Amino acid sequence: MTHLPDPDRQSQFYADVLGKRLLAWVIDAVIIGILTAVIVPFTAFTALFFLPFLLFVVSLGYRIITIAGGSATFGMRIAAIELRNRDGMRLNFAEAALHTIGYHLTLGTIVVQIVSVIFMCASPRGQSLTDMVLGTAMLNRRSR
């Protein structure tokens, strides 16, 4: 049983979320790139030899910390969307970590990534593969 808004009766929670997810992803990729570029000189530029690993670690840390802190990365906040768990609550640290790990596993294989995008486009709640496994959903942020 889920306490997420019903996509048929409360469609405003899911309106335009797919496009906003893409915008948030681009913003977050830029932020992660900038954070990584700031770190590189502090390693006497040796980080350039393991740059993909550094990008992975920065992305992992950035996503877990920001999602656990407000159920959204900075890109998601700018796009006015947030992740909610199956109870309709914000994600805690463990859920944020699981979601981030699932996200990175999805990115690791092109076939799984394509399946995840198809799920986002076709599912009533616009859930990715990771969202479906964890029971989470991306919603438009409520006005304050």
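**View 1. Packing of helix α1 against helix α2 in a predicted model.** The axes of helix α1 (residues 17-42) and helix α2 (residues 51-70) come within 9 Å and cross at roughly 120°. That angle makes α1 oblique to α2; angles under 35 degrees count as roughly parallel, over 145 as roughly antiparallel, 65 to 115 as roughly perpendicular and the rest as oblique. Axes are lines fitted to C-alpha atoms, for helices over the stretch in contact, with angles running from 0 to 180 degrees between N-to-C directions. Helices (H or I, at least four residues) and strands (E, at least two) are DSSP runs, numbered from the N terminus. Residues are numbered from 1 along each chain as its sequence is written. Because the model is predicted, local features need pLDDT of at least 70 and side-chain atom pairs count only at pLDDT 80 or more, while totals for chains, interfaces and linings use all residues, and side-chain values use heavy atoms, with hydrogens and water left out.

**View 2. Residues at the contact of α1 with α2.** On the α1 side are W25, D28, I31, I32, L35, T36, I39 and V40. They meet L51, L54, L55, V58, S59, Y62 and R63 of α2, where contact means heavy atoms within 4.5 Å.

**View 3. The largest nonpolar core.** This core has 11 residues: V17, A24, I67, A72, M76, A79, I81, L83, L91, A96 and M138. Both α1 and β1 (81-84) supply at least two residues each. A nonpolar core is a set of buried Ala, Val, Leu, Ile, Met, Phe, Trp, Tyr and Cys residues joined through side-chain atoms within 4.5 Å. Buried means under 20% relative accessible area, exposed over 50% and partly exposed in between (1.4 Å probe, protein chains only). Leaving aside neighbours within four places in sequence, V17 is in contact with I81, M138, L139 and N140. A second, separate core of six residues includes V40, A47, V58 and Y62.

**View 4. Surroundings of F13.** F13 is found in the segment before α1 and is buried, with a relative accessible area of 14%. Not counting residues up to four places away in sequence, F13 touches P5, M138, L139, N140 and R142. F13 and R142 are 129 residues apart in sequence and 8.3 Å apart in space, C-alpha to C-alpha.

**View 5. Surroundings of R21.** R21 is found in helix α1 and is buried, with a relative accessible area of 14%. Its contacts, not counting residues up to four places away in sequence, are I81, M120, G126, Q127, S128, D131 and M138.
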